[in-house]
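Welcome to this short tour. Please open the model in your viewer and keep the selection tool at hand.

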Amino acid sequence: MNALKSPDTALMRYVSKTLRISYPVAHNIVLNILALISGFKRAVLFDFCPVTRTQLTAILSKIVTESCGIQSSGDSGDREKLCTERYSVVELVGDTGFGDWFIMDRSSNYEGYQPIVIDCSLRLPGPRIAGECVTVGHLDTFQDLLAVVQSGARSWSRDNVCLTTIYGMVLGYPWVYYTADEGNCLGGEPLFLVEVALPVRHAGITETGDDV
């Protein structure tokens, strides 16, 4: 199993300087992209503004290069090919996603996938299961994304969708969040934390002795 590397200090400084962001934020970005490259995540999603896709692609390429042990003095074309063939930057509604296209290209990862969509729009008194139109619409959009990836394309953009929902589906979550609010985010509202406790099974008997 791959071990997640600790972010290199010089690399975090490079990201901080390039994006003009604080060091802690740069640390978070590098750590998440390293998790993607190491196989611990299918995709990561950030809200960058204003940052160009060229800048983000350069950052992704540098992180991929260093994490894969490719020499900086090597062929820049080889580094770019490695970056764009497997990993890529996707822009959608002002947010930015870094994805592992290789994992997303394997249809078996999403076979029979039917997540529950939770509507967290601020106009509602509280979160609730989204309507069928929202759920089916985003599942169709997600399938469109997979089809684009499987066709060999390395960029994707659609309007009028909640990127949080789409990336939750990319990650394969059983529940994904949706919001209809402008800005494509939850507006700083705290999410609900739900804890589920299950009994331990021993040959069909719970630890309290009751049949399961």
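Select Asp-119 to begin: is Asp-119 buried or exposed? In this predicted model, Asp-119 counts as buried because its relative accessible area is 3%, under the cut-off of 20%.

Now show the strand around this residue. Asp-119 belongs to β4, which covers residues 116–119.

Next stop: the largest nonpolar core, a group of 24 residues. Select Met-104, Tyr-110, Phe-142, Leu-145, Ile-166, Met-169 and Val-170, which have the most contacts inside it. At least two residues each come from α5 (101–104), α6 (132–150), α7 (163–170) and β6 (175–178). The biggest contributor is α6, with six residues.

Zoom in on Phe-142. Beyond residues up to four places away in sequence, Phe-142 touches Tyr-110, Tyr-113, Ile-166, Met-169 and Val-170. Then move to a second, separate core of 22 residues; Leu-11, Met-12, Ala-26 and Tyr-87 are among them.

Finally, colour the chain by pLDDT. The mean for the protein chain is 75, with 67% of its residues at 70 or more. Of the chain's elements, β4 has the highest mean pLDDT (93), while strand β8 (residues 205–206) has the lowest (50). End at residues 208–212, where the pLDDT is below 50; beyond near neighbours in sequence, this stretch has eight contacts in the model.

Notes: Residues are numbered from 1 along each chain as its sequence is written. This is a predicted model: local features need pLDDT of at least 70, side-chain atom pairs count only at pLDDT 80 or more; totals for chains, interfaces and linings use all residues. Side-chain values use heavy atoms; hydrogens and water are left out. Helices (H or I, at least four residues) and strands (E, at least two) are DSSP runs, numbered from the N terminus. Buried means under 20% relative accessible area, exposed over 50%, partly exposed in between (1.4 Å probe, protein chains only). A nonpolar core is a set of buried Ala, Val, Leu, Ile, Met, Phe, Trp, Tyr and Cys residues joined through side-chain atoms within 4.5 Å. Contact means heavy atoms within 4.5 Å. pLDDT is the predictor's confidence in each residue, from 0 to 100.
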